[in-house]
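Thanks for coming, everyone. Let me put the model up and walk you through it.

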Amino acid sequence: MAPEKESKGHDNYAFALDGRFCDLRDAKNGEELDSSVDGDNNKLAYCVTDVPPWYLCIILGIQHCLTAFGGIIAIPLILSQGLCLQHDGLTQSHLISTIFFVSGVCTLLQVTFGIRLPILQGGTFTLLAPSMAMLSMPEWTCPAWTQNASLVNTTSTEFTDVWQSRMRALQGSIMVGSLFQVFVGFSGLIGLFMRFIGPLTIAPTISLIGLSLFDSAGTSAGNHWGISTMTTALIILFSQYLRHIPVPFPTYSKDKKLHTSRVYVFQILPVLLGITLSWLICYILTTYNVLPAEPDRYGYLARTDLKGDVMSQAPWFIVPYPGQWGMPTVSLAGVVGILAGVISSMIESVGDYHACARLSGAPPPPKHAINRGIGIEGIGCLLAGAWGTGNGTTSYSENVGALGITKVGSRMVIVASGVLMVVMGVFGKVGAIFTTIPSPVVGGMFMVMFGVISAAGVSNLQYADMNSSRNIFIFGFSMFSGLVIPNWILKNPKAIATGVVELDQVLQVLLTTSMFVGGFFGFILDNTIPGSKHERGILAWNKAHEDDFSNTLESGEVYSLPLGISSYLSSSSWLRYIPFCPPGVPSSVEGCETDTNSLEPKQPLGQPEPAQIIVGVAL
């Protein structure tokens, strides 16, 4: 999951380009967005169907990969605690390579056969919460000797069986749970789900994802509060205080020759810059032995040479494959817990689709495209489970915001990102590099990331009337219950004793998953306590996520299936009634030009000048 939903992404743009642009449209009324800064702020250099030069696709693809790094890398590092892998850097690097590889494959599937918008796929925090709840069950508690680095022999059969048995249990639960998402997507049931789910269900569900992970953040940050505080401060400095400060960089163009351009680099890569700078400082402190070299002293875990042999041990090339950790196993408790995360992920993605369409110059996605997108995400989760990432996949809204920053909405850029992530997953040394990030640096990143996730959940309350005592009660009770009940169950693991082992396991996982507890109470109370649709925020929520639009020319150009598949499907009248099939295929159009029933016609003004874009994203 991504921490921020429906990010506008264009409060300050890094680039001002001359050339042909596509207008960004308001999703609600079809009129051009107002701009208080610059007229070009609502223009796109490339629309969703345009194909930029190949070198620009590669450079912007790298930018999107870097934007997604924080979320993709964080998930294996958190999971390693539940999998008893804290002291096995080589296996951690293998997990990172696997999640990169699968994220790339799922991105290519989504852009080609799914929603067909420029939206990147990656690991999701909505599945991380129930996964950690499952691994916290008594039968999956890590043996004490795995917590001591001096006692862990990473090549021993005993240690391998400890973590692989846990991974296989996660794999099976994710694969079975993902089948539910595949069914909901391709059957068109996502619309039925959205009818009963409003802001008062979404807000506690998403907020508790971040709040429930405070222990992981505190554990990592507590290994050296000085380093973690520095990392947090740098990320806050770059993302909040310096994001409007342009940095001059030399640029070359045919017209202006060698000149300087202003690039909002702090707005583009604040997390990556903060982590890299802290990582570098830890390396310097390690080199000069400022940080203690004795394992029992405070601050030892901030050293960068703790996993120094990982780089030499990691293979240059590694090809992740399904079942690489063995045959997945399935437990009822794990599947039920994963289902709670899958439902949250689906609801998030619907909002991402609309935000992505808005920022890439595309019309709002029609129902058949949303159904297909959710179904393909389910297939992506199925692949992630089969490959053994320990997680699933979802749409990344950080990358949706990046569309507004780079002013390039072409889906070919996301295709390039997918290919690059597959390549990074194949190069074993890439994953090994990221395992050397000291845990206090990761903890500092978690302090910001999990906080933003919590706030992103609360932001959904803007649709509801929070002057209503009804809504205040529902949200407050849901949030408090989502914190109290899991905390009590974790402290009293033997309290659940129904006499049926399977039922005990299901209740243990569900009641220790904060997002499920909070979301469950929010859903039940919001749908049973009397209240008008306006008071509940349902009207504003549905208006913001309206998906019943006519099949305009550009809608067909954007959302029709490739390789003539849509033409074939439209030739059979009965196929038009399948929820994920396009109702009809209009005549194709070139670029972003459409008829008057769609977006306003775009006026070509010559070839775009990508030089300044290249300078910004090459950083």
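How much of the protein counts as buried? Of its 619 residues, 58% do. Keep in mind that this is a predicted model.

Now the overall make-up. The protein has 25 helices and six strands. Take the contacts with a separation of 6 or more: residues 24 or more positions apart account for 82% of them.

Next, the core. The largest nonpolar core holds 92 residues. Which of them touch the most other members? They are F100, L117, F125 and F450. Look at F450 in detail. Leaving out residues up to four places away in sequence, F450 touches I78, F125, G210, L213 and A217.

F100 brings us to a helix pair. F100 is one of the α2 residues in the contact between α2 and α16. Helix α2 covers residues 89-113, and helix α16 covers residues 428-435. Their axes come within 8 Å and cross at roughly 120°. That angle makes α2 oblique to α16. The crossing is right-handed. Who makes the contact? On the α2 side, G89, Q92, S93, I96, S97 and F100. On the α16 side, G428, G431, A432, F434 and T435.

On to charges. Side chains of opposite charge can pair when their charged atoms come close. How many salt bridges does the structure hold? Four. Among them is E294 with R297, at 3.4 Å from N to O. E294 is partly exposed there, with a relative accessible area of 36%.

Now compare the setting of R470 and D526. Their salt bridge has its closest N and O atoms 3.1 Å apart. The pair links distant parts of the chain. R470 sits in helix α18, residues 469-491, and D526 sits in helix α20, residues 514-528. That is 56 residues apart. Are these two buried or exposed? R470 counts as buried, because its relative accessibility is 9% and the cut-off is under 20%. D526 is at 1%, so it counts as buried as well.

D526 has another partner. It forms a salt bridge with R536, where the closest N and O atoms are 3.2 Å apart. R536 lies in helix α21, residues 533-536, so this pair ties together parts that are ten residues apart in sequence. R536 is buried, like D526. Put together, R470, D526 and R536 are linked in a network of salt bridges.

Two more positions before I stop. First, A221. It is in helix α7, residues 214-221. A221 is buried, with a relative accessible area of 0%. Apart from neighbours within four places in sequence, A221 is in contact with S228, P440 and G443.

Second, Q462. Where is it? In the loop between α17, residues 439-458, and α18. Q462 counts as exposed, at 62% relative accessibility. Its C-alpha atom lies 8.2 Å from that of P199, a residue 263 places away along the chain.

That's my tour. Over to you.

Technical notes: Residues are numbered from 1 along each chain as its sequence is written. This is a predicted model: local features need pLDDT of at least 70, side-chain atom pairs count only at pLDDT 80 or more; totals for chains, interfaces and linings use all residues. Side-chain values use heavy atoms; hydrogens and water are left out. A nonpolar core is a set of buried Ala, Val, Leu, Ile, Met, Phe, Trp, Tyr and Cys residues joined through side-chain atoms within 4.5 Å. Buried means under 20% relative accessible area, exposed over 50%, partly exposed in between (1.4 Å probe, protein chains only). Contact means heavy atoms within 4.5 Å. A salt bridge is a side-chain nitrogen of Lys or Arg within 4 Å of a carboxyl oxygen of Asp or Glu. Helices (H or I, at least four residues) and strands (E, at least two) are DSSP runs, numbered from the N terminus. Axes are lines fitted to C-alpha atoms, for helices over the stretch in contact, and angles run from 0 to 180 degrees between N-to-C directions. Angles under 35 degrees count as roughly parallel, over 145 as roughly antiparallel, 65 to 115 as roughly perpendicular and the rest as oblique. A crossing is left-handed if the near helix is turned anticlockwise from the far one by less than a right angle, and right-handed if clockwise.
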